[in-house]
Amino acid sequence: MPSLTDGEIRQALKRVELTGKQENLIDGEGRGTGRLVLALKPMPTRVTADWMAQQWRDGRRFKRKIGSYPSTSLAQARELFKRDFADAIQKGRSIKIAGDTRPGTVADLFEGYVKALKAAGKPSWKETEKGLNKVADTLGRNRPAREIEPEEIVEVIRPIYDRGSRAMADHVRSYIHAAYSWGMKSEHDYRSATPRRFRLVYNPASGIPTEPKVQGTRWLDEDEFVRLYRWLECPDVPVHPSYPRAVQLIMLTGQRVEEIARLHVDQWDAAERIIDWSKTKNLQPHAVPVPSIAAELIESIKPNAHGWFFPSAKDPSKPVSHGTLYSFVWRQRDRGVIPFATNRDLRRTWKTLAGKAGVPKEIRDRIQNHALQDVSSKNYDRWNYMPEKRAGMRRWDKFVRALLAKKAARKSDRKAA
């Protein structure tokens with residue numbers, strides 16, 4: 001059977017309009033047990049013309065729409081049929097599950113990965129998206145992701161490293177590596193349908209070494225703890241009131257920066273004096289009783305109209321980001337008005353000083369929601385170890401109140417002298 005022409009299609013459209021009878025125009029001989037068909041159907045006001053991939057399989061005929069004529073031209077329909085269906089038909093695969101066979105682009109890969117992070121509720125999706133957007137522009141957004149070579153990724157990362165941003169260079173490498181790992185798995189994930197098949201053979205970022213991890217050991221001693229806490233109570237420069245209070249709460253509870261920053265009114269149980277997170281960094285729910293000094297701090301804060309205890313200065317509908325809190329601490333630290341410490345050091349400080357206060361290590365681990373492998377930890381119960389955690393927080397509360405009072409008394413004595 002000869003191939004279709006545009007002239008034959010136009011004649012068939014007029015014929016169907018006059019006769020009111022449906023027609024199927026077949027393009028060429030087809031391949032194997034399938035072919036490209038243009039189905040013409042008379043309607044009350046017009047004639048529809050739909051391109052269909054047709055397949056005979058197990059004695060039955062199956063069809064899959066490719067597009068509509070003339071928005072999808074004859075040449076385009078042939079290209080789509082050849083690209084997405086011809087090979088599947090030749091191999092005896094069902095056209096019902098056939099799809100766009102073009103290998104996904106760099107933009108497809110990065111956007112799909114960020115979308116997966118967002119769907120999983122990962123707070124890191126924004127930073128990841130920002131980092132990958134810059135990488136995509138350099139690598140070429142419209143290039144097939146499978147064509148990217150390790151050398152190209154190295155050339156993206158090297159300038160970041162050379163300007164002294166070693167941590168950022170390592171983060172960018174990890175973003176790319178994670179995106180490619182997701183792409184390799186997503187093609188075979190039956191739980192979700194990805195818009196593209198990336199046809200990735202390997203992860204081009206796998207062989208790129210990571211920056212050596214430096215295990216932090218810094219923690220504030222008692223004098224430094226009090227110095228920082230008192231400065232946060234009365235900063236010597238104008239700051240958004242959310243920021244120092246959030247850092248104080250990190251110091252008093254030992255919780256992760258991200259979790260304190262996103263504290264919402266729904267997570268605060270005032271009657272029980274418990275902060276209750278449904279999802280945390282380690283993907284496990286976490287409920288922690290707070291010391292009375294922290295409860296007093298929380299209750300002194302009026303959540304905004306959106307329910308955030310620590311709203312963003314730029315957008316009150318969102319909580320302050322952990323990155324903003326990091327920057328806030330860095331700026332004051334660089335001015336020399338507070339002790340040198342990162343927000344992670346503050347979490348380590350709580351762990352150390354709470355141990356000095358007599359809180360057992362196991363209870364400190366549970367209060368800080370470290371990943372634990374015992375059965376009771378894996379099968380979460382809001383009241384799991386709650387009496388022991390309350391007892392630990394009472395010890396810590398007594399310790400920190402005495403610490404703050406002792407330092408205040410010394411300061412008064414020096415002034416009197």
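Q: Over how many bridges do strand S6 (residues 274-277) and S7 pair in the antiparallel sense?
A: This is a predicted model, in which local features need pLDDT of at least 70, side-chain atom pairs count only at pLDDT 80 or more, and totals for chains, interfaces and linings use all residues. Residues are numbered from 1 along each chain as its sequence is written, and side-chain values use heavy atoms, with hydrogens and water left out. Helices (H or I, at least four residues) and strands (E, at least two) are DSSP runs numbered from the N terminus, and two strands pair if DSSP finds at least two bridges between them. For S6 and S7, paired in the antiparallel sense, the number of bridges is four.

Q: Which strands stand at the edges, each with a single partner strand?
A: An open sheet is formed by three strands in the order S5-S6-S7, with antiparallel pairing. Because each edge strand has a single partner, one side of each is left without a neighbour in the sheet, and these two strands are S5 (268-269) and S7 (286-289).

Q: What is the reach of helix H6 (residues 166-186) from its first C-alpha to its last?
A: The expected span of a helix is 1.5 Å times one less than its number of residues. With 21 residues, H6 is expected to span 30 Å, and its reach is close to that, at 30 Å.

Q: How are H3 and H4 oriented, roughly parallel or roughly antiparallel?
A: Axes are lines fitted to C-alpha atoms, for helices over the stretch in contact, and angles run from 0 to 180 degrees between N-to-C directions; under 35 degrees counts as roughly parallel, over 145 as roughly antiparallel, 65 to 115 as roughly perpendicular and the rest as oblique. In the contact between the two helices (heavy atoms within 4.5 Å), residues of H3 including Phe110, Tyr113 and Leu117 meet residues of H4 including Trp125, Leu132 and Val135. The axes are 10 Å apart, with an angle of about 180 degrees. That makes the orientation of H3 to H4 roughly antiparallel.

Q: Which residues is Gln248 in contact with, leaving aside its neighbours within four places in sequence?
A: Gln248 lies in helix H8 (residues 242-253), and its relative accessibility of 5% makes it count as buried. Leaving aside neighbours within four places in sequence, its contacts are Tyr229, Leu232, Glu233 and Leu297.

Q: Is Asn369 buried or exposed?
A: Most residues other than glycine have a negative phi, and most peptide bonds are trans. Asn369, although not a glycine, has a positive phi of about 60 degrees, and is found in the loop between helix H13 (361-367) and helix H14 (375-378). With a relative accessibility of 8%, Asn369 counts as buried.

Q: What is the relative accessible area of Arg199?
A: Arg199 likewise is not a glycine and has a positive phi, of about 55 degrees. Its place is in the loop between H6 and helix H7 (222-233). Arg199 is partly exposed, and its relative accessible area is 38%.

Q: Which peptide bond is cis, with omega near 10 degrees?
A: The loop between strand S4 (60-68) and helix H2 (74-90) is the place of Pro70. The cis bond, with omega near 10 degrees, runs to Pro70 from Tyr69.

Conventions:
Buried means under 20% relative accessible area, exposed over 50%, partly exposed in between (1.4 Å probe, protein chains only).
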